[in-house]
Amino acid sequence: MADQDPDNELVDRVKAGDRRAFDLLVRRYQHRVVGVVSRYISDWAECQDVAQEVFVRAWRAIGNFRGDSAFYTWVHRIAINAAKNHLVALGRRPPTDDVALDDAEHFESAMRMRDSATPERELLRQEIEGAVTAAVADLPEELRIAITLREVDGLSYEEIAEAMDSPIGTVRSRIFRAREAIDQRIRPLLDERGDGRGGSMR
Amino acid sequence: MQDKHLESLSAWIDGELGRDESRFLARRLESDGVLRDTVARWSLVGACLRGERIAPVGVRFTEAVAARIDAEAPPRPVARWTRPAAGAAIAAGVAALALMVTGPVGEAPVPHGASAALAPAPAPVLASQASLRTEDLAAVLPLRQVSETWAMPLVPAGPAVPVDALDPTVEAYFLRHSAGASASARAGFVPYVNLVAWPAARPAAAAQPGAR
């Protein structure tokens, strides 16, 4: 098994001019980038606009990305700057306290700089989180442990195999089946209201 | 068949797919929209499981980004040689600036043999002011008498210019400048090369200890 960060592979391809590879990077991080921007910009349309601009800036500057940090760390920085610049351009004062990457995505609602979006958008977010939680709770134990060790604890397949006393191939299969089961629960939500504009998540 | 690709995709997302499988999956991802959409959803699931703040967006977001990028020129690939080349260019620029600032451009007449009695100048004078005198150098360079520091050149000077034919003022300047430059490590890019040819009558001084 290779322990290869798929982002590095994608970034190399983007640097070589591969637009499809960049599209995959967008898909991997769009939800998180919009989530970060939404902490600063409450209007949903503005928030999406700035988040799109974040990816355009990343596209422009990716030739200078040397891989010293993870791709998402780099994009996160761009997102924070873009959101702040947007507020300054509108004559609004950006928050003085930045949110560190490690903390940015773990704020409880009371600590959020701004609660973004429309009530519908917030409802969708809560429904998705609830669906994921429920789906994980319903998983057979071996799938639940495997996906938790991977996504929450960040263990490699080899480490999970050791922890679960199972072959790596079994771990790989379990994680895949867990993702499939969770995906089936959230797909209807995204298909119905994924865009918030009547569009589909596909 | 699709399940096989999806399982590969799951391993790829985790960075656990072998190199060959990755290449195969990359080709598959270029043409398979279902797989590409799955990447977005599974990434969303991962973020949810980690308790990260997410804001679900749909395919229109991805399309909007793509449309904006379409309007952009492709990113210019950064050639690997440009960084060292830029560094070399900066270094060359700094060296040229240093030469302009510290190098002697003009020189006032100085009596031959006056180097031993150099008096500190009141303040350093820039060469660009075209009034640099030997005395000025003494303020910034620890000049010593040529006769004490002279060394035999690594490459013997040819007999092209008879020493007697040189203007004594110019000669004195060259000797003092060479000594001062070597003493302060400002001898240029090849400090180990003695650029001043000495008269044949002076080889005895070359044997002095510490001579370069």
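1. Ground rules. Because this is a predicted model, local features need pLDDT of at least 70 and side-chain atom pairs count only at pLDDT 80 or more, while totals for chains, interfaces and linings use all residues. Residues are numbered from 1 along each chain as its sequence is written, chains are lettered from A in the order in which they are written, and side-chain values use heavy atoms, with hydrogens and water left out.

2. Chain B on its own. Chain B has eight helices and zero strands; helices (H or I, at least four residues) and strands (E, at least two) are DSSP runs, numbered from the N terminus. Of its 212 residues, 35% are buried, where buried means under 20% relative accessible area, exposed over 50% and partly exposed in between (1.4 Å probe, protein chains only). Taking contacts (heavy atoms within 4.5 Å) in chain B between residues at least 6 apart in sequence, 66% join residues at least 24 apart.

3. The interface. Chain A brings 77 residues to the contact and chain B brings 59. Together they bury about 6,800 Å², with 54% of it on carbon and sulfur atoms; buried area is the accessible area (1.4 Å probe) that two parts lose on being put together, summed over both. There are 13 salt bridges between chain B and chain A, each a side-chain nitrogen of Lys or Arg within 4 Å of a carboxyl oxygen of Asp or Glu.

4. Salt bridges to look at. R27(A) and D37(B) meet with N to O at 2.4 Å. R27(A) is in helix α2 (residues 19-37) of chain A and D37(B) in helix α3 of chain B, so this pair joins two chains; R27(A) and D37(B) are both buried. D49(A) and R68(B) also form a salt bridge, at 2.1 Å from N to O, and this pair crosses from helix α3 (residues 44-61) of chain A to helix α4 of chain B. Here D49(A) is partly exposed at 36% relative accessibility, and R68(B) is partly exposed at 23%. Within chain A, E53(A) and R57(A) form a salt bridge at 3.7 Å, N to O; both lie in helix α3 of chain A, four residues apart, about one turn of the helix. Elsewhere, salt bridges that share partners link R32(A), R150(A), E151(A), R179(A), D14(B), R50(B) and E52(B) into one network.

5. Helix α8 of chain A. In this helix (residues 157-164), the buried residues are Y157(A), I160(A), A161(A) and M164(A). Seen down the axis of α8(A), they fall within an arc of 100°, so they line one face of the helix; the arc is that of the directions from the helix axis to the C-beta atoms. E158(A), E162(A) and A163(A) are exposed on the other side.

6. After the helix. D165(A) follows α8(A) and has a positive phi, near 55°. S166(A) lies in the loop between α8 and α9 of chain A and counts as buried, at 15% relative accessibility. Leaving aside neighbours within four places in sequence, S166(A) is in contact with A161(A), V171(A) and R174(A).
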